[in-house]
Amino acid sequence: MNRLPDWHDGLAAVIARHDALPFEWGTSDCLSFPADVVEAITGASVDRPAYRSQRGALRALRRLGAADPHEALAQRFTEIPPAFAATGDLAAIIGDDGAKSGGVVVGALIYVKAPQGLGRLPRIRMVRAFKV
């Protein structure tokens, strides 16, 4: 994927928007936040199945042929070593509760959707990375 010339501005706008939004399935969650980032950085449309709950998100992932968010990212993006992930690339993390989710690399941090806004995690939490 090619990045737009002004991709930094698009990334900043998506981060600001999701940081101001509470977690909401299908609108501002661990799937929609990375999808919004990809669209802002590349201008490419991302396939977005509709869902409004955790159960709906899992069904949507299965319809896409993925068992979890990490598989969905792996099907659509080129996997790279986490050490090579740069700002704007996607990160796969495993939460403290064991749940798999996606986030976005921003410098030394991974931005992930949290109950209120965005959480920031150290890069060491990244188990897989994907080039945008």
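D36 is buried, with a relative accessible area of 11% (buried means under 20%, exposed over 50%, and partly exposed in between, with a 1.4 Å probe and protein chains only). The model is a predicted one, in which local features need pLDDT of at least 70 and side-chain atom pairs count only at pLDDT 80 or more, while totals for chains, interfaces and linings use all residues. Residues are numbered from 1 along each chain as its sequence is written, and side-chain values use heavy atoms, with hydrogens and water left out.

What does D36 pair with? R48 forms a salt bridge with D36, the closest N and O atoms being 2.3 Å apart (a side-chain nitrogen of Lys or Arg within 4 Å of a carboxyl oxygen of Asp or Glu). This pair links distant parts of the chain, with R48 in the loop between α2 and α3 and D36 in helix α2, 12 residues apart. R48 is partly exposed at 36%. D36 also meets R17 in a salt bridge of 3.4 Å, N to O. Here helix α2 (residues 32–42) is linked to helix α1 (residues 7–20), the two residues being 19 apart; helices are DSSP runs of H or I with at least four residues, and strands are runs of E with at least two.

Elsewhere, R128 and E79 meet in a salt bridge of 2.8 Å, N to O. R128 lies in strand β6 (residues 126–131) and E79 in strand β1 (residues 78–80), 49 residues apart. Shared partners join R17, D36, E39 and R48 into one network of salt bridges.
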